[in-house]
Amino acid sequence: MNSLITELLAQVGGAPEQIVKAAAAANPAISLLLAGESVERVLRPPYRPDYLAGESLDSRALGLDLSIPLYLLPLVSGYVGGDLLAVLLGSPPADGPTLYLDLGTNAELALWDGDSWLVSSVAAGPAFEAGNLGCGMRYRFGAVTDVVIVRDRFTYTVVGGGMPQGICGSGLFALLSSCLQNGLIAADGRIKSADEIDSNLARYLVAEGDAQALQLYRDARSCLRLSQEDVRAFQLAKGAVLAGVNCLLERKGICAEELASVRIAGALGGALPSSALKGVAILPEIVLEKCRFLPGAVLVGLQNVLLQDKGLEQALELAEKLKPYPLSGTPAFEDAFLASLDFSE
């Protein structure tokens with residue numbers, strides 16, 4: 001954090017003493033670690049931490065190079081943190097039922113029915129950010145951000161326009177969507193073998209031990225390959241998100257078509273075409289045209305907290321209105337999860 005503060009100050013030609021307000025938002029575990037509090041009670045059910053933040057902390061005591069207090073946004077529960085709260089603060093709901101997804105290692109969900117809030121989270125792992133891929137990388141120079149198949153060939157969009165060096169989260173969504181639509185991956189998530197494909201796309205399918213893999217790109221220096229294990233990890237993550245969404249809608253008695261808006265935040269916000277969402281069946285198809293991406297959503301919420309006269313009070317008030325809905329281990333979620341694993345509606 002100190003390195004990032006120094007970098008930002010350098011970009012604007014500022015000095016530390018010119019910072020007059022500071023705020024932070026994070027998931028429950030990171031919030032507790034930052035504040036120097038125990039994470040013991042968020043490691044297992046019922047996930048109820050003793051400390052819920054929502055206060056100004058002594059920056060120096062935390063080891064931060066700030067001469068002012070740091071306001072840490074409140075936690076809603078042991079599985080819903082200040083990061084989701086910031087997303088909601090930065091993008092108020094529509095005039096009707098509104099669904100929020102903050103996609104990350106823990107996918108946090110919020111549903112506004114026009115009168116009250118319901119929030120939850122599901123374990124997604126690093127799949128959405130391509131963090132667990134053998135060929136995965138962050139969004140930077142050389143990262144594949146989009147993939148389409150044109151005339152039996154993969155065509156890539158690469159950051160910087162050079163040769164692919166790896167694939168980031170949005171590229172993974174697009175790749176899987178294209179492969180599913182063109183029959184390289186079956187609806188159950190199995191990568192097909194080359195002899196099952198009657199087009200030139202078969203050349204991208206290679207054997208990898210007892211399973212198949214997709215070889216996206218190869219040159220003298222690199223080989224980008226998506227394994228069956230990679231596909232399964234994404235499949236589990238997308239199944240958890242879809243199951244979580246369906247459970248929240250059912251709990252509120254709302255049909256998917258009744259949603260007025262769907263807001264998507266996280267590392268993918270602003271960088272993912274709706275066609276890729278449809279291709280991997282991560283949301284009910286009927287709501288895809290209502291999706292709106294929120295780039296930098298947590299930062300926008302923090303900005304509102306800092307710049308508005310009653311921003312801190314508004315954050316606390318909203319946190320108190322968010323009703324946690326634990327899903328982990330419940331029969332409703334387990335049934336919905338099993339029904340959401342296939343890449344088809």
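Visitor: Is Cys168 buried or exposed?
Guide: This is a predicted model, where local features need pLDDT of at least 70, side-chain atom pairs count only at pLDDT 80 or more, and totals for chains, interfaces and linings use all residues. Residues are numbered from 1 along each chain as its sequence is written, and side-chain values use heavy atoms, leaving out hydrogens and water. Buried means under 20% relative accessible area, exposed over 50%, and partly exposed in between (1.4 Å probe, protein chains only). Cys168 comes out at 4% relative accessibility, so the label is buried.

Visitor: Which cysteine sulfur is closest to that of Cys223?
Guide: Cys223 is partly exposed, because its relative accessibility is 36%. Its sulfur has its closest cysteine sulfur 8.6 Å away, too far for a bond, and that one belongs to Cys135.

Visitor: In what order do the three strands of the open sheet lie?
Guide: Strands are DSSP runs (E, at least two residues), numbered from the N terminus, and two of them pair if DSSP finds at least two bridges between them. The pairing in this open sheet is antiparallel, and the order is S10-S11-S12.

Visitor: Which strands are at the edges?
Guide: Look for strands that pair on one side only. Those are S10 (205-208) and S12 (223-227).

How values were computed
A disulfide is a pair of cysteine sulfur atoms within 2.5 Å. Helices (H or I, at least four residues) and strands (E, at least two) are DSSP runs, numbered from the N terminus.
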